Amino acid sequence: MKKLFVNQIQERDWVETIFLVRDKILGMAKNGKPYLTLKLMDRTGEVEGRIWDRVDEFSAQFERDDFIRVAGKASLYLGKMQLVVQEVTRLDDSAVDLADFLPVATRPTAAMVAELKERVAALADPHLRALLQAFLDDQAFLAAYSRAPAAKAMHHVYLGGLLEHSLAVAALADAICQRYPGLNRDLLMAGALLHDVGKISELRYVRSFEYTDVGKLLGHIVIGVELVEEKLRTLPGFPMELAILLKHLLLSHHGQYEFGSPKRPKTLEAVILNFIDDLDSKINGVRTHLDKEPDSESAWTQYHRLYDRYFFKGYGESTPPPREAAAPPAAPIPAAPIRPAPGAERCAPFNNTLEAKLRGVTPNLFTPAAEARDDD
């Protein structure tokens, strides 16, 4: 039984515990000596391990995705906890409890499945309700859907993350439909619950979170559409138009071609699903990053490679907010307007509208030219 977890490690601790090897990288120091960089994980997070001595001996004992018992000294390096590993012993799977080594959603699985069933039962459209019920009745699917992570690295990277993310998107869809009447609520709700179903096969989540071969070759969007089509074949009389609209939600939910979307959103429900999917994933991703460094006293996080920025954690006792500067004295008002000299270059007018900020950055979905263009 594992007794010490990543989130309990303190600076200067002597650590003797079991980890799952998330990654193993051989490097070369400036003096020509080899060293190993390890990503060691359990269900509470990851910690970096460094092996500086006896590298060849230790490296031959274990591989990536193995369980190892390590002994080493903990220290803070650039604001992050690190273990200088001095002893390594590989363990068989029978010696560990797998539940100790993969992060798990904070919400109980049973509660999330109950909410899923309630949302399916509340669908008014009989065809969409029958489709979702067909997924619920598939016990193998439901078990995978309840256990899979939502991503490998970006957001909801824990067991149960896919179901948690899908329910959050469904809740946002419900709120949007209350705010904006006239939307096809049941279609949007079905899209929210099914948009990422392909991740049950895209990702491997038994010992670590990795892409499967089919995930690399096809991707979760294509896999998801295939899963929906498979269930539709068991439902005679399902309207073809409704099936097309639902598949479009899955095919377009990444929004843009450069983000892996085979189609861009071309219905209002598809536009909404794209935005609320992105919203929930980013909120979870940023929150997870903010929670990664409880021992750091800095008001800023470490650099986030995927989001390409640092995040501000807020002012604490060690970093009080800056004092407001005194207002500068008012400038004297000129007696007459100053006219530019003949031939002087005229400055562009200041424009702070949202449209002006986004012009040239993201395509305008609502201009007549964009509507008329056949971009497929």
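Student: In this predicted model, which backbone oxygen does the side chain of Thr-17 reach?

Tutor: The side chain of Thr-17 makes its approach at 3.1 Å. Thr-17 sits in strand E1, which covers residues 14-28. Leaving aside residues up to four places away in sequence, Thr-17 touches Lys-2, Leu-4, Ile-68, Arg-69 and Val-70. The backbone oxygen reached by the side chain belongs to Leu-4.

Student: Is Thr-17 buried or exposed?

Tutor: The cut-off for buried is under 20% relative accessible area. Thr-17 has 4% relative accessibility, so Thr-17 counts as buried.

Student: How many helices and strands does the protein chain have, and what percentage of its residues count as buried?

Tutor: The secondary structure comes to 13 helices and 7 strands. The chain has 376 residues, and the part of them that counts as buried is 42%.

Student: Among contacts between residues at least 6 apart in sequence, what percentage join residues at least 24 apart?

Tutor: A pair of this kind is Met-112 and Glu-164, which touch and stand 52 residues apart along the chain. Among contacts in the protein chain between residues at least 6 apart, the part joining residues at least 24 apart is 58%.

Student: What separates the C-alpha atoms of Met-112 and Glu-164?

Tutor: Met-112 is in helix H2, residues 109-121, and at 0% relative accessibility it counts as buried. Beyond four places in sequence, Met-112 touches Ala-105, Arg-107, Gly-160, Leu-163, Glu-164 and Leu-167. For Met-112 and Glu-164, the separation of the C-alpha atoms is 7.0 Å.

Student: How many residues are in the largest nonpolar core, and how many are in the other core that includes Val-21?

Tutor: Nonpolar side chains tend to be buried together in soluble globular proteins. In the largest nonpolar core, the residues with the most contacts inside it are Leu-116, Leu-131, Tyr-145, Leu-193, Leu-194 and Leu-246, and the core has 62 residues. Apart from that core lies another, with Val-21, Leu-38, Ile-51 and Val-70 among its members, and its count is 20 residues.

Student: Which residues does Leu-116 touch, not counting those up to four places away in sequence?

Tutor: Leu-116 is one of the residues with the most contacts inside the largest nonpolar core. Tyr-145 and Leu-193 are also among those residues. With residues up to four places away left out, Leu-116 touches Leu-136, Leu-142, Tyr-145, Leu-163, Leu-167 and Leu-193.

Student: At roughly what angle do the axes of helix H10 and helix H11 cross, and how many nonpolar, polar and charged residues make the contact?

Tutor: The axes of H10 (residues 240-252) and H11 (residues 268-290) come within 9 Å and cross at roughly 35 degrees, and the crossing is right-handed. H10 supplies His-248, Leu-249 and Ser-252, while H11 supplies Glu-269, Ala-270, Leu-273 and Asn-274. By class, this contact has 3 nonpolar, 3 polar and 1 charged residues.

Student: His-156 has a positive phi although it is not a glycine; is it buried or exposed?

Tutor: The phi of His-156 is about 50 degrees. His-156 lies in the loop between helix H4 (139-147) and helix H5 (161-179). Its relative accessible area is 2%, so His-156 is buried.

Student: Phi of Asp-308 is also a positive value in a residue other than glycine; is Asp-308 buried or exposed?

Tutor: Phi of Asp-308 is near 60 degrees, and the residue lies in the loop between H11 and helix H12 (354-358). Exposed requires over 50% relative accessible area. Asp-308 has 53%, and therefore Asp-308 is exposed.

Conventions
Residues are numbered from 1 along each chain as its sequence is written. This is a predicted model: local features need pLDDT of at least 70, side-chain atom pairs count only at pLDDT 80 or more; totals for chains, interfaces and linings use all residues. Side-chain values use heavy atoms; hydrogens and water are left out. A nonpolar core is a set of buried Ala, Val, Leu, Ile, Met, Phe, Trp, Tyr and Cys residues joined through side-chain atoms within 4.5 Å. Buried means under 20% relative accessible area, exposed over 50%, partly exposed in between (1.4 Å probe, protein chains only). Contact means heavy atoms within 4.5 Å. Axes are lines fitted to C-alpha atoms, for helices over the stretch in contact, and angles run from 0 to 180 degrees between N-to-C directions. Helices (H or I, at least four residues) and strands (E, at least two) are DSSP runs, numbered from the N terminus. A crossing is left-handed if the near helix is turned anticlockwise from the far one by less than a right angle, and right-handed if clockwise. Ala, Val, Leu, Ile, Met, Phe, Trp, Tyr, Cys and Pro count as nonpolar, Asp, Glu, Lys and Arg as charged, and the others, Gly among them, as polar. A polar contact is a pair of N or O atoms within 3.5 Å; within protein, one must be able to donate a hydrogen and the other to accept it, and residues adjacent in sequence count only if both atoms are side-chain atoms.
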